[in-house]
Amino acid sequence: MPASENSITATFRLNGKLLSIIITDIPLDSQPGVGGIDSGTQYQLLKYTNLLTHYRSMRIAITGGANGIGLAISKIYASRGDSIVILDMNKGNLEEAKKNCDLIYAAVGKEAKCWILENDITKKECALEFAEFCRSQMNGIDILILNAGISLDYEFDDLGLDETDALFRQIMEVNFFSNVRFVKTFSDLLFQSKGQLVILSSGSGTLGIPRRSAYVASKHAVNGFFLSLRNEWIYQKRGVSITVICPSFVDTGIRRAAALAGRAKDVVDPESKKKMMTADECASKYLIDYFLRKKMERK
């Protein structure tokens with residue numbers, strides 16, 4: 001198929017084989033990146049369409065999916081034409097995320113099936129409302145991605161007692177306890193679909209990092225809980241796979257958000273950012289690796 005003026009040809013090498021796809025009907029005003037993909041990783045996500053579309057359409061529910069790694073993951077599933085429900089507490093980011101995903105659906109010739117829900121994961125009723133929303137929009141889920149999180153970057157000795165108590169509880173509530181509630185609420189939906197539970201944790205959950213004690217503690221808790229739950233569900237033959245992703249340093253904006261909220265003294269300096277993966281690169285790396293593993297398992 002020849003490429004038109006309003007198309008992009010993406011060529012890449014996979015297992016030594018050169019593959020090319022042509023993405024047509026790209027809105028002119030969406031360039032230099034479809035759905036907000038930055039020029040440095042232009043069409044990096046869409047170029048894997050040949051690989052990703054080998055698998056059936058899926059129903060995805062993702063928390064914290066309106067920016068950072070969550071948004072990058074949503075873009076990948078949009079490029080497959082999957083159904084996606086994105087939960088976030090920032091209405092503006094949610095609307096922009098839906099716009100980005102809809103552009104990608106259109107670019108690959110798929111029906112737009114992205115829904116957004118504004119809510120706060122620290123509220124106990126949030127998980128119930130999100131699960132009901134997924135039932136009503138998608139009649140269930142195949143993959144639940146727990147991505148929402150916040151950071152704290154302060155030397156422990158610089159915090160007062162009351163401040164320490166409040167900030168550590170806030171970090172644990174967002175990064176750990178909310179995830180426990182979501183799994184408890186969504187478990188029946190996952191059992192029904194024999195689906196997958198994906199947790200965006202952190203390499204910090206395997207280490208001890210200065211100035212990040214609260215964040216690191218919350219990620220250790222996340223890793224310990226979900227690794228234990230994985231073994232429990234394997235023993236019970238639940239048929240649900242649990243994947244805990246622990247990326248290294250990624251430029252997601254979480255540090256900037258912490259600084260704006262008073263949970264960090266400063267943002268990441270430009271030199272440090274150069275050593276980090278972008279959110280698109282991180283999502284691409286882990287999801288493509290996942291689909292490659294699934295492909296090899298089927299052989």
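The largest nonpolar core has 40 residues, and Phe130, Ile141, Phe182, Phe186, Leu197 and Phe226 have the most contacts inside it. A nonpolar core here is a set of buried Ala, Val, Leu, Ile, Met, Phe, Trp, Tyr and Cys residues joined through side-chain atoms within 4.5 Å. The model is predicted: local features need pLDDT of at least 70, side-chain atom pairs count only at pLDDT 80 or more, and totals for chains, interfaces and linings use all residues. Residues are numbered from 1 along each chain as its sequence is written, and side-chain values use heavy atoms, with hydrogens and water left out.

**Nonpolar cores**

- Helices (H or I, at least four residues) and strands (E, at least two) are DSSP runs, numbered from the N terminus.
- Helix 5 gives the most to this core, with 10 residues.
- Isoleucine 141 touches Arg59, Ala61, Cys134, Phe186, Leu189, Leu190 and Ser193, leaving aside residues up to four places away in sequence. Contact means heavy atoms within 4.5 Å.
- Apart from the largest core lies another core of 25 residues, including Met58, Ile60, Ala72 and Cys101.

**Helix 5 and helix 6**

- Helix 5 and helix 6 pack at an angle of about 20°, with their axes 8 Å apart.
- Axes are lines fitted to C-alpha atoms, for helices over the stretch in contact, and angles run from 0 to 180 degrees between N-to-C directions.
- The crossing of helix 5 and helix 6 is right-handed, meaning that the near helix is turned clockwise from the far one by less than a right angle (anticlockwise for left-handed).
- Among the residues in this contact are Phe168, Phe176, Val183 and Phe191 of helix 5 and Tyr215, Val222, Phe226 and Trp233 of helix 6.
- By class, the contact of helix 5 with helix 6 has 16 nonpolar, five polar and one charged residues. Ala, Val, Leu, Ile, Met, Phe, Trp, Tyr, Cys and Pro count as nonpolar, Asp, Glu, Lys and Arg as charged, and the others, Gly among them, as polar.

**Helix 2 and helix 3**

- Helix 2 (residues 68–80) packs against helix 3 (residues 91–107) at an angle of about 25°, with the axes 8 Å apart. Helix 2 is thus roughly parallel to helix 3.
- Helix 2 and helix 3 also cross in a right-handed sense.
- From helix 2, Leu71, Ser74, Lys75, Ala78 and Ser79 meet Ala97, Asn100, Cys101, Ile104 and Tyr105 of helix 3. This contact has six nonpolar, three polar and one charged residues.
- Serine 74, in helix 2, is buried at a relative accessible area of 1%. Buried means under 20% relative accessible area, exposed over 50%, and partly exposed in between (1.4 Å probe, protein chains only).
- Serine 74 touches Ile62, Gly65, Ile84, Ile86 and Cys101, not counting residues up to four places away in sequence.

**Loop lysines with positive phi**

- Lysine 194, in the loop between helix 5 and strand 7, has a positive phi of about 50° although it is not a glycine. Lysine 194 is exposed, with a relative accessible area of 51%.
- Lysine 237, in the loop between helix 6 and strand 8, has a positive phi of about 55° and is likewise not a glycine. Lysine 237 is exposed at 72% relative accessibility.

Key: Parallel < 35°, antiparallel > 145°, perpendicular 65-115°, else oblique.
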